[in-house]
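Subject: Structure for you to look through

Dear colleague,

I am handing over the structure we talked about, and below it I have written out what was found. Please keep it open beside you as you read.

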Amino acid sequence: MRESFIYKGTIPRIVFGAGTITRVADELNNLGRHKALILSTPNQEADARTLANRLGTLCVGVFSGAVMHTPVEVTLQALQVFADTRADCIISLGGGSTIGLGKAIAYKNNADQLVVATTYAGSEVTPILGQTEAGIKTTVRDLSVLPETVVYDPELTYSLPVNMTMTSGLNAIAHAVEGLYAQDRNPISSMMAMDGIAALHRALPAIAGDHQNPAARSDALYGSWLCGVVLGNVGMALHHKMCHTLGGSFDLPHAETHAILLPHTVAYTEATVPHLLEPVAALMGSESAATGLFDFARTIGAPSKLQDLGLTVRDLDKATEIALRNPYWNPRPLETVAIREMLQKAFEGARPRQR
Ligand code: NAD
């Protein structure tokens, strides 16, 4: 018999395909907006300026100061530029950091957001905003921050460095994997999760061999969209809590932390719900989802050890304590000793045990 479920979709308008960057002007018109402020990181400023030139009078400025973890000081600067230029909407061109800034602006002034997504982090399709103030990262879930339109042009991802491609792809897979055992999972979210994981599982090894492979880049971006929708629609558990803890309290890089931890958090949870992770184990051709994900990450050259990110053994005790303080719901309740052991394995890069 089928499990009971509630399904409520909140999906922005999606424009997907090679060359769709040329459709941004039409999409602004669809929104009824004609004075866009383009956001980017310093790293992608040249791409932001190219888009500004293409848009002509539809663009009133470029703010290229987006940084990771959305510090409020940067948001205040960008809000000032938004007011000074009399912008009527935002175009966020980039990954989760730039999209986070766009969401933070929209949270304050309700501006429409058009996102041109260039990583696989998935923030563009979630109503979630993480911001940092005085060193503390907080998260809000509010529909006002969900972008109106997302343009996915795989050609803009050719320049994403291969190492970042792999960790960002595993970050996307992490959303989908946790979606499979979410308390509020439903048939649509689980279908999207498996299709997203399968697309990335096909695409990432192909990109590792040829970073401008059009079919693989397209597949990876498609997979990341599906995984992002899962993140936005159902609750996350131990894995996201641990990554949030390590990112927020120890300043570890977002995608790399996801990539390293995933097989270990999955091993912890899979012991309780092996049936929900069976499709992942089968897709990876492994005895368990945890070992399959671990081996897959090795074949695509992703990092494997938390110690390589600068964490110390002493930090592991503190991380365990923080993660247990306000735990997210998880299918397997959080047990101090087992969580500490799990972190030790991730620290050393040891292969998780078979179930
Ligand atoms: P990022 O946005 O920080 O990008 C990393 C670097 O890669 C940046 O310098 C960026 O300019 C560059 N880059 C991005 N795309 C590129 C491309 N195609 N070519 C060349 N360079 C490119 O990294 P991210 O992993 O996408 O985002 C991480 C941030 O997003 C974190 O702060 C995380 O908390 C947040 N996030 C939020 C959500 C959410 O739903 N709120 C979801 C996922 C991630």
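How much area do domain 1 and domain 2 bury between them, and what share of it is on carbon and sulfur atoms? Before the answer, please keep in mind that this is a predicted model, and that its protein chain is divided into domain 1, residues 13-157, and domain 2, residues 162-348. The two domains bury about 1700 Å² between them, and 64% of that area is on carbon and sulfur atoms. On the domain 1 side, Phe 16, Tyr 120 and Ala 121 lose the most area to domain 2, and together they account for 36% of what that side buries. The centres of the two domains, taken over C-alpha atoms, are separated by 26 Å, while the contact takes 20 residues from domain 1 and 22 residues from domain 2.

The next topic is the nonpolar interior. In soluble globular proteins, nonpolar side chains tend to be buried together. Here the largest nonpolar core has 53 residues, and those with the most contacts inside it are Ile 173, Val 177, Ile 197 and Val 280. Several elements give two or more residues to this core, including strand E5 (112-117), strand E8 (149-152), helix H5 (162-180) and helix H6 (187-209). Helix H7 (214-233) is another of these elements, and H7 gives the most to the core, with 9 residues. At least three residues of this core come from each of domain 1 and domain 2.

H8 has 13 residues and reaches 17 Å from its first C-alpha to its last, close to the 18 Å expected at 1.5 Å a residue. H8 is mostly covered, with 10 of its 13 residues buried, and among the buried ones are Leu 238, His 239, Lys 241, Cys 243 and Phe 250. The buried residues of H8 pack against H5, H7, H9, helix H12 (313-325) and helix H13 (336-348). After H8 comes Asp 251, whose phi is positive, near 55°.

Two single residues remain. The side chain of Asn 186 reaches the backbone nitrogen of Ile 188 at 3.0 Å, and, leaving aside neighbours within four places in sequence, Asn 186 is in contact with Phe 5, Ile 6, Tyr 7 and Val 234.

Leu 79 is found in helix H3, residues 72-84, and it too is buried, with a relative accessible area of 18%. Again leaving aside neighbours within four places in sequence, Leu 79 is in contact with Ile 105, Lys 108 and Asn 109. Leu 79 and His 34 are 45 residues apart in sequence and, C-alpha to C-alpha, 18 Å apart in space.

With best wishes

Key: Residues numbered from 1 in each chain as written. Predicted model: local features only at pLDDT ≥ 70, side-chain atom pairs only at ≥ 80, totals over all residues. Heavy atoms only, no water. Helix = DSSP H or I, 4+ residues; strand = E, 2+ residues; numbered from the N terminus. Polar contact = N/O pair within 3.5 Å; in protein donor to acceptor, adjacent residues only side chain to side chain. Contact = heavy atoms within 4.5 Å. Core = buried A, V, L, I, M, F, W, Y, C linked by side-chain atoms within 4.5 Å. Buried < 20%, exposed > 50% of the residue type's maximum accessible area, 1.4 Å probe, protein only. Domains from an automatic or database assignment. Expected span 1.5 Å × (residues − 1). Buried area = accessible area lost by both parts, 1.4 Å probe.
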